[in-house]
Amino acid sequence: MNTHAPASTRHRWQQRLARRARRAEAASTLVVEGRLRRVVGLTLEAEGCEAPLGARCLVSTADGTQLDTEVVGFADDRLLLMPVTEMHGVLPNARVRPCARAGDLPVGAALLGRVVGADGVPLDGLGPLEVDEHATLKREPINPMARKPIDAPLDTGVRAINALLTVGRGQRLGLFAGSGVGKSTLLGMMTRYTDADVVVVGLIGERGREVKEFVEHTLGEEGRARAVIVAAPADAPPLKRLRGAQYATAIAEWFRDRGQRVLLLMDSITRYAQAQREIALAIGEPPATKGYPPSVFALLPALVERAGNDAEGRGSITAFYTVLAEGDDYRHDPIADAARAILDGHIVLSRDLAEAGHYPAIDIEASISRVMPAVVDRAHLRAAQQFRQIYSAYRQQRDLIAVGAYQKGSDPQVDKAIIMWPQLRAFLQQEVDEPTALAPAIDALGAIADEAAA
């Protein structure tokens, strides 16, 4: 290697030599092949070989190709395998060859503007990825005592969030939304208008049509230029959907390790949990809470805790995880309860507001940012509280007001809320193509609070 070459060139050569050394070490290990003895649903059972949990195994198929699988469990002398790709052409007694180690996935700045699958393969037709670095899907958690405190706000470009649910750099929030209430549109607005350096979007379990629409229409060229999109559609095997969320997090970690402010949007963590449920039930893990096995509730915090601030002087990952619930009922959904407990706040999108043409359909009364008091000044916090009070005063009496049964003068605060109601609604609504920065949003909130206090 040329010692006079630039430092970047020497670094790339060192990485290539290290990867080849690892491959050579793996190739020198004797691999004992086994045989496929049983296939039930998505689970394959192999006999005659050994491999640790999480290892890759290649299963020979009838057409001469190999099915990529992962070890997800074992029973007696048999390995329990789950396919990473579509399962077809599998024969009884097929050869099963364990791989020495799981393959790493590409990371790096070359991913910006690209759409990749959960296996790192480009999906956008823009050619191969020109990356020299790779990362594992899982890494050691950050020491909680080494994390930098959340002490600075992140501008999302959404007025209601900036003013009333201020997000801190390194915060993890849940976006609780049903279908058709503007969830993807809100995510697209944050992707385009945030002041984060890099945006990583994980589309997990979404319909294939929605992936293309989000990339081309919701995200647009402006948002896509500084974003990385990882897509694992609904028709992908559960293991690939699981990997998609982990891969998106690994990409965000790579940018954070280089001191950048990253916005991670995961849509959705519910599909991630459902993928783990499919895997766990397939290998015989008993269900515990409404059909969800215990391993689901162990994986959720393991994924979420990878986001957040790194050590002092390094980057941050501010994460939004969308949470879905059947019938828009979050009170009895175990994933919603688990997410609410491990996240630093939640933003609820209301179907009633969406059906009334109110976008973004954020339910201010049901939403909260737990770190807002740490990232805003006292005047901003007081203004937000005054806004909430007068907004709630109207909402509590809206049925009486609508039918004309409310008597003016019964409650001075409600009287003020009736006068200011059009102004309050206008403040909470925002056009998709009209971003509002953090400072103007705070100024507008302060003006409303002053009028409410007058």
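Buried here means under 20% relative accessible area, a cut-off to keep in mind as you click around. This is a predicted model, so treat every stop as a look at a prediction.

**Stop 1: the aromatic stack**

Select tyrosine 394 and tryptophan 421 and show their side chains. Both residues are buried. How buried is each partner? Phenylalanine 387 has 1% relative accessibility, so it counts as buried, and tyrosine 391 is buried too, at 2%.

Go back to tyrosine 394 and tryptophan 421: they are also stacked, with ring centres 4.0 Å apart and planes at 10°. Tyrosine 394 belongs to helix α11 and tryptophan 421 to helix α12 (residues 412-428), so this pair ties together parts 27 residues apart in sequence.

For another arginine over a ring, jump to arginine 277, which lies over the face of tyrosine 292 at 4.3 Å from the ring centre.

**Stop 2: the nonpolar cores**

Which residues touch the most other members of the largest nonpolar core? Select Ile161, Leu164, Met190 and Phe387, out of 62 residues in that core. Helix α11 supplies the largest share of this core, with eight residues. Centre the view on isoleucine 161 and, skipping neighbours within four places in sequence, look for its contacts: Thr156, Thr166, Val167, Leu186, Met190, Ile347 and Ile362. There is also a second, separate core of 55 residues, and Leu239, Ala248, Ile269 and Tyr321 are among its members.

Met190 and Leu186 take you to helix α3, where both are among the buried residues. Select residues 183-193 to see the whole helix: it is mostly covered, with nine of its 11 residues buried.

**Stop 3: the barrel**

Switch to cartoon view and find the closed barrel of six strands, which runs β1-β2-β5-β4-β3-β6 with antiparallel pairing. On average, and ignoring direction, neighbouring strands of this sheet are turned by 45° against each other.

Start with strands β1 (residues 34-40) and β2 (residues 43-47), an antiparallel pair with five bridges. Click leucine 36 and you'll find alanine 46 of β2 opposite.

Next, take strand β3 (residues 56-60), which is joined to β4 by five bridges and runs antiparallel to it. Arginine 56 faces glutamate 70 in β4 across this pairing. The two strands form a hairpin with five residues between them, and glycine 64 in the turn has a positive phi of about 90°.

Stay on β4 for a moment. Seven of its 10 residues are buried, so this strand is largely enclosed by the rest of the structure. On to its link with β5: six bridges join the two antiparallel strands, with glycine 73 opposite leucine 80 in β5.

**Stop 4**

Some background first: most residues other than glycine have a negative phi, and most peptide bonds are trans.

Where does aspartate 76 sit? Look in the loop between β4 (66-75) and β5 (78-83). In that hairpin, with two residues between the strands, aspartate 76 takes a positive phi near 55°.

Asparagine 93 is another non-glycine residue with a positive phi, about 65°. Find it in the loop between β5 and β6 (95-98). Asparagine 93 is partly exposed, at 42% relative accessible area.

Finish with two cis peptide bonds. The bond from aspartate 267 to serine 268 is cis, with omega near 10°, and serine 268 is in the loop between β15 (261-267) and α6 (269-282). The bond from tyrosine 359 to proline 360 is cis as well, with omega near -10°. To see proline 360, select the loop between α9 (351-355) and β19 (368-369).

How values were computed:
Residues are numbered from 1 along each chain as its sequence is written. This is a predicted model: local features need pLDDT of at least 70, side-chain atom pairs count only at pLDDT 80 or more; totals for chains, interfaces and linings use all residues. Side-chain values use heavy atoms; hydrogens and water are left out. Buried means under 20% relative accessible area, exposed over 50%, partly exposed in between (1.4 Å probe, protein chains only). Rings of Phe, Tyr and Trp (its six-membered ring) pair if their centres lie within 6.5 Å; planes under 30 degrees apart count as stacked, over 60 as edge-to-face and the rest as tilted. Helices (H or I, at least four residues) and strands (E, at least two) are DSSP runs, numbered from the N terminus. A charge sits over a ring if NZ of Lys or CZ of Arg is within 6 Å of the ring centre and within 35 degrees of the ring normal. Two strands pair if DSSP finds at least two bridges between them. Axes are lines fitted to C-alpha atoms, for helices over the stretch in contact, and angles run from 0 to 180 degrees between N-to-C directions. A nonpolar core is a set of buried Ala, Val, Leu, Ile, Met, Phe, Trp, Tyr and Cys residues joined through side-chain atoms within 4.5 Å. Contact means heavy atoms within 4.5 Å.
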